[in-house]
Amino acid sequence: MHNFLFGIYPYIALTVLFWGSVIRFERDPFTWKSSSSQLLRRKQLIMGSVLFHVGILIIFGGHFVGLLTPIVVFDTLGISHGAKQILAIVAGGLAGIMMLIGGIMLLHRRLTDPRIRINSSFADTGILVLLMVQLLLGLSTIFVSLGHLDGHEMTKFMSWAQGIFFFDSNAASYVADVNIIFKTHLLLGLTIFLLFPFTRLVHMLSVPLRYITPLRTGYQIVRSRRGGTK
């Protein structure tokens, strides 16, 4: 079962993530959005959204760089495993707290405001709950990591993640003896990848490049208060 969960399931989740996103974009491009409820309750949305998104971007970036950068690169730069572990705990902890505060505000808003609740789908609320559970699991790993400040425990996750991307048949064995909290965190993360194409999370893949280029297509309707002859 361990080999399936950590050696085969990652490929299932990543395959569904990729092809599910492609198919959704091709078949239902108009659902490729975040379905903003800004007009229903703006103030709490802005504060919670900023904290949540900044936090999740830092965490995602940290995981991406931390897990997929070859260990030899850190060794070449003179960054010890212990220093990397402490950086991950401090930066990840601060970003996690930001995301937690923002997520609680967004979830409270979505669950307690009748208008927003009516306009929210099960997937909208469900994926936010899953992200919050995943965040709490991630924050709880900090207490376990404090007992492994030498950083060698983290190298197991780096070896596993890089093993998955480079089709290492022994990838699952690298995390065989890690704490159950880490294993649960990894599995829920893979499940979120699996569900990604079917939720509002797909808007994370949309980058509005046309708004930062000098040549933009389309037109803009502008209202004017100037009077005129009729």
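What share of the contacts in the protein with a separation of 6 or more comes from residues 24 or more positions apart? The share is 79%, where contact means heavy atoms within 4.5 Å.

Before going on, the ground rules. This is a predicted model, in which local features need pLDDT of at least 70 and side-chain atom pairs count only at pLDDT 80 or more, while totals for chains, interfaces and linings use all residues. Residues are numbered from 1 along each chain as its sequence is written, and side-chain values use heavy atoms, with hydrogens and water left out.

The overall picture, then. The protein has 8 helices and 0 strands; helices are DSSP runs of H or I with at least four residues, strands are runs of E with at least two, and both are numbered from the N terminus. Of the 230 residues, 36% are buried, and buried means under 20% relative accessible area, exposed over 50%, partly exposed in between, with a 1.4 Å probe and protein chains only.

Next, a helix pair. Helix α1, residues 2-27, packs on helix α7, residues 152-165, at an angle of about 60°, and the axes are 10 Å apart. Axes here are lines fitted to C-alpha atoms, for helices over the stretch in contact, with angles from 0 to 180 degrees between N-to-C directions. The two helices are therefore oblique to each other: under 35 degrees would be roughly parallel, over 145 roughly antiparallel, 65 to 115 roughly perpendicular, and the rest is oblique. On the α1 side we have Phe6, Gly7, Pro10, Tyr11 and Leu14, which meet Trp160, Gly163 and Ile164 of α7. By class, the residues of this contact are 6 nonpolar, 2 polar and no charged. Nonpolar covers Ala, Val, Leu, Ile, Met, Phe, Trp, Tyr, Cys and Pro; charged covers Asp, Glu, Lys and Arg; the others, Gly among them, are polar.

Thr69 sits in the loop between α2 (42-68) and α3 (71-76). Is Thr69 buried or exposed? Thr69 is buried, because its relative accessible area is 18%. Beyond its neighbours within four places in sequence, Thr69 is in contact with Phe64, Phe74, Met158 and Gln162.

Phe167 lies in the loop between α7 and α8 (180-195). Phe167 counts as exposed because its relative accessibility is 65%. Its phi is near 55°, a positive value in a residue other than glycine. Most residues other than glycine have a negative phi.
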